Amino acid sequence: MSTRSKVTLEPAFILHHYPYRDSSLLLEVFARGYGRLGLVARGVRSARARWRGQLQNFRPLLLSWSLRGELGTLTGLEFPVATGMPAGRRLLSAYYLNELILRLLARHDPHPEVFDAYAEAIRDIDVTEEPALRIFEKRLLQALGYGLLLEHEADSGLPIENEAWYEYLLERGPVRRAQVCEQGIFLRGSSLTALHRERLADPACCREVKSLMRAALSLYLGSRPLKTREVLRQLVTMSDKGRDTGSRTDMN
Amino acid sequence: MSTSRLIGQLIESLRCLPGVGPKSAQRMAYHLLEHDREGGRRLAEALNQSMERIGHCRDCRTLSEDDRCTLCSSERRDRSLLCVVETPADVLALEQSIGYQGLYFVLMGHLSPLDGIGPEELGLDQLEPRLRGGEVRELILATNPTVEGEATAHYIGEIAHACGVRVTRIAHGVPMGGELEYIDGNTLSHAFAGRTEL
């Protein structure tokens, strides 16, 4: 495992970073063609570093690195044309996406389709927050091989009817029902179709899809709770103290 | 390997300082032992006292050996202005360079959702009653212009708004003596968006 590989200007995002030694950063990177990987950015925290303050989350980057063994070394950094970055409250939702990737994707396992979905979600999160999150969750599950059955009923294979009600049974699929029978998620056929077509503008359908995605994700996230969810919960409680109107939580 | 167990221990202990590797630690240890025993004793005493006695200020959370730090207990500071910073070093930087006369609130970090660092860790539950108390008229957000700093500023801003306190954010953009050509796009766009009328 001592062969050295070099990668030049690969589209990537920084998912997380930790201080490393006195003046370096340890970056948890998500690169389009290489998946998640750890890179050391040497000396970037020192006062005169060229890239000081440039290595920020949620910003599309082009990274070059050399890799030998588990950790790589950052050797180059460029910026593609500037795109919008999430701001204010939306940042928390963007951190939630990062945590999903950190929890569900293994290192050195390339998933270009997840990368593209992530880039799109980060771009859209400022405009259409909830739909952007739900669409990313759906595509992430699909890429991991846990895709949801959204076009047909489980077992019978009948096409989903928009007017009908369904109970979504995890790892099986939707079953047409008048009420919940087996602790599944109860939702309208139109919501399943909307998720399938990735058109989630209707708030009511977005709410149904949210409970479906939350249940589906929890199956693969295991029992350890998501930290971003907990932090958001605390923040909402705190900023709601003085307000009567409850602020929405958009991540699951 | 040093010739004595105690010297070895001293060298190893000095290495807990940032930027001090084995070679520098060795140089420091031998310097104190050979040339400056008195300085060494003073250092040991100061370290000992500091580690034992320094805690956090009740009001602003900065490091202080008293229940309330000198800034918070000063009669001359303007109590209607409160500036939120990330670290005690930020307080020092602001104190040394601008004529700010208000008080501070030190978060001792920033929001970091992926590490589980939320409002409680930053003492926001302590800040909120203070904003509600009515003494503070303006809250100045001086967290770092990083993504984490922005997220932190946003949430504190929301809490302050809910408490009916005016919120301002320090400007960020082109540094003094900087040249536009060499400034990264993100900073430039911030500077451009935050332009002021002359």
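This is a predicted model: local features need pLDDT of at least 70, side-chain atom pairs count only at pLDDT 80 or more; totals for chains, interfaces and linings use all residues.
Okay, let's start with chain A. It has six helices and eight strands. If you walk along the sequence, the pattern goes β-β-β-β-β-α-α-α-β-β-β-α-α-α. As for dimensions, the C-alpha atoms of chain A fill a box of roughly 65 × 50 × 35 Å along the principal axes.

While we're on chain A, have a look at one salt bridge. The side chains of A:Arg107 and A:Glu28 meet there, at 2.8 Å from N to O. And where do these two sit? A:Arg107 is in the loop between α1 and α2 (112-124) of chain A, while A:Glu28 is in strand β2, residues 24-31. They are 79 residues apart, and the pair links distant parts of the chain. Over all chains, the count comes to 27 salt bridges.

Now, the interface. How many salt bridges are there between chain A and chain B? The count is zero. What the rule does find across that interface is five residue pairs in polar contact, with both residues at pLDDT 80 or more.

Which elements of chain A supply at least two residues each to the side that touches chain B? They are β1 (5-20), α1 (90-104) and α6 (227-240). The biggest giver is α6(A), with eight residues. Sorted by class, that side of chain A has twelve nonpolar, eleven polar and seven charged residues.

In terms of contacts, 30 residues of chain A meet 30 residues of chain B. Together the chains bury about 2600 Å², with 64% of that on carbon and sulfur atoms. Three names to remember here are A:Tyr95, A:Leu235 and A:Met238: they supply 22% of the area that chain A buries against chain B, more than any other three residues.

Last stop, over on chain B: the second largest pocket. It holds about 500 Å³ of space. Its lining is made of 17 residues, and those nearest the centre are B:Leu10, B:Leu32, B:Gly40, B:Leu43 and B:Ala44. The elements giving two or more residues to that lining are α1 (5-14), α2 (22-35) and α3 (37-53) of chain B. And what classes line the pocket? Eleven of the residues are nonpolar, three are polar and three are charged.

Methods:
Residues are numbered from 1 along each chain as its sequence is written. Chains are lettered from A and ligands numbered from 1 in the order in which they are written. Side-chain values use heavy atoms; hydrogens and water are left out. On a 1 Å grid over the protein atoms alone, a cavity is a set of points where a 1.4 Å probe fits but cannot get out, and a pocket is an open set with protein on both sides within 12 Å along at least five of seven lines; lining residues have an atom within 4 Å of a point. Grid points are joined across faces, edges and corners, and a volume is the space filled by probe spheres set on the points. Helices (H or I, at least four residues) and strands (E, at least two) are DSSP runs, numbered from the N terminus. Ala, Val, Leu, Ile, Met, Phe, Trp, Tyr, Cys and Pro count as nonpolar, Asp, Glu, Lys and Arg as charged, and the others, Gly among them, as polar. Contact means heavy atoms within 4.5 Å. Buried area is the accessible area (1.4 Å probe) that two parts lose on being put together, summed over both. A salt bridge is a side-chain nitrogen of Lys or Arg within 4 Å of a carboxyl oxygen of Asp or Glu. A polar contact is a pair of N or O atoms within 3.5 Å; within protein, one must be able to donate a hydrogen and the other to accept it, and residues adjacent in sequence count only if both atoms are side-chain atoms.
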